[in-house]
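Trainee: Could we go through this model together? I'd like to ask things as they come up.

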Amino acid sequence: MWKLVMFFFVAATANGNSISGDFKTCSLQCSNEGDEVSDPPASENIPRTRTLLRGKSGPSGEKGARGDGGIKGQQGVSCNRSEIAQLHNRISRIESGFPLTYCGVGLQLHDKFRKIENSQITASSYCCNSDHAPYHGRLFGETGRGLWAANVLEANQWIQVDLLDDQTIHAVVTQGRQREREQWVTSYTVSYKPQSSNQFRPIVDDSGEAKVFQGNEDKNTPVINKFPHPIRARYFRINVLTWHLYISLRFDLLTC
């Protein structure tokens with residue numbers, strides 16, 4: 001509890017050029033609860049102006065105990081360029097592998113959803129013996145010699161598949177010989193025939209010419225070539241233009 005003393009000057013009367021007055025002293029009691037100050041009684045003619053004098057602040061209290069630690073955050077993404085490059089390559093491999101695994105028409109032997117019979121795969125010719133027959137030309141195939149090999153080293157040797165009815169195809173994918181020798185096709189065109197047609201038509205580029213697709217650069221890496229637009233047909237034929245050492249091919253068609 002502490003006291004404040006306030007002085008008020010009150011003008012009582014004015015007599016000519018002299019002013020007489022008196023001072024009134026009022027004591028205000030201030031409590032520690034909010035430092036509230038009471039107004040003087042309304043009966044006393046005292047101005048409402050008040051001056052409040054506050055004492056100096058006391059010393060600071062003791063420092064409190066340290067709080068508990070926060071929850072540990074999750075580890076951020078690495079900014080290491082090498083790790084980012086590795087992740088990018090991994091995603092690219094997954095993306096490139098998806099259509100090969102899930103979009104094939106059934107030429108791959110491991111395809112669990114569709115199955116192309118050997119009789120549906122034919123060719124213009126094949127070399128030597130049945131180990132080089134067209135039905136060994138399946139993507140990732142390892143049967144026979146692991147390839148279809150033409151009997152004649154001439155452009156426009158072909159291999160084709162009969163899908164039995166019209167299907168929408170988005171792309172073609174090729175490989176070279178599976179083992180032993182370094183043989184593959186380096187360029188080709190693709191032609192197709194709908195079930196209602198008697199004639200094969202080439203897939204064309206923007207100029208209306210038969211589109212030339214770039215083939216393989218080694219014997220095992222699959223190379224996907226997308227069509228300019230999806231083609232709906234029953235028969236699809238690969239027409240070989242150029243090759244490395246020998247016309248050797250494995251292939252599939254992609255529905256997505």
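Trainee: Which cysteines form a disulfide with their sulfur atoms 2.1 Å apart?

Mentor: Those are Cys127 and Cys128, where a disulfide is taken as a pair of cysteine sulfur atoms within 2.5 Å. Keep in mind that this is a predicted model, in which local features need pLDDT of at least 70 and side-chain atom pairs count only at pLDDT 80 or more, while totals for chains, interfaces and linings use all residues. Residues are numbered from 1 along each chain as its sequence is written, and side-chain values use heavy atoms, with hydrogens and water left out.

Trainee: And is Cys128 buried or exposed?

Mentor: Cys128 counts as exposed because its relative accessibility is 63%, whereas Cys127 is buried at 10%; buried means under 20% relative accessible area, exposed over 50%, and partly exposed in between, with a 1.4 Å probe and protein chains only.

Trainee: How many disulfides does a search of the whole structure find?

Mentor: The search finds two, and the other one joins Cys103 to Cys256, with an S to S distance of 1.5 Å. That link is left-handed, with -60 degrees about the S-S bond. The pair connects distant parts of the chain, since Cys103 sits in the loop between helix H1 (81–102) and strand S3 (121–123), while Cys256 belongs to the segment after S10, 153 residues away. Cys103 is buried, at 1% relative accessibility, and Cys256 is partly exposed, at 46%. With bonded cysteines counted along the chain, the disulfides follow the pattern 1-4, 2-3.

Trainee: Switching to the fold, what pattern does the chain follow along the sequence?

Mentor: Read that way, the pattern is β-β-α-β-β-β-β-β-β-β-β, made up of one helix and ten strands; helices (H or I, at least four residues) and strands (E, at least two) are DSSP runs numbered from the N terminus. Of the contacts with a separation of 6 or more, 70% are between residues 24 or more positions apart, a contact being heavy atoms within 4.5 Å.

Trainee: Which residues touch the most other members in the largest nonpolar core?

Mentor: Val161, Val190, Phe227 and Phe236 do, in a core of 27 residues, defined as buried Ala, Val, Leu, Ile, Met, Phe, Trp, Tyr and Cys residues joined through side-chain atoms within 4.5 Å. The elements giving two or more residues to this core are strand S5 (158–175), strand S6 (184–193), S9 and strand S10 (248–254), and S9 gives the most, with six residues. Apart from this core lies another, of six residues, among them Leu100, Cys103, Leu139 and Val173.

Trainee: Where does Thr221 lie?

Mentor: Thr221 is in the loop between strand S8 (213–214) and strand S9 (223–244), and is partly exposed, with a relative accessible area of 42%. Leaving aside neighbours within four places in sequence, Thr221 is in contact with Thr174, Gln175 and Asn216.

Trainee: Last topic, confidence: what pLDDT does the chain average?

Mentor: The average is 81, and 72% of the residues score at least 70, pLDDT being the predictor's confidence in each residue, from 0 to 100. Over residues 1–28 the pLDDT is below 50, although this stretch has 48 contacts in the model beyond near neighbours in sequence. Residues 30–37 also stay under 50, and for them the model has 16 contacts beyond four places in sequence.
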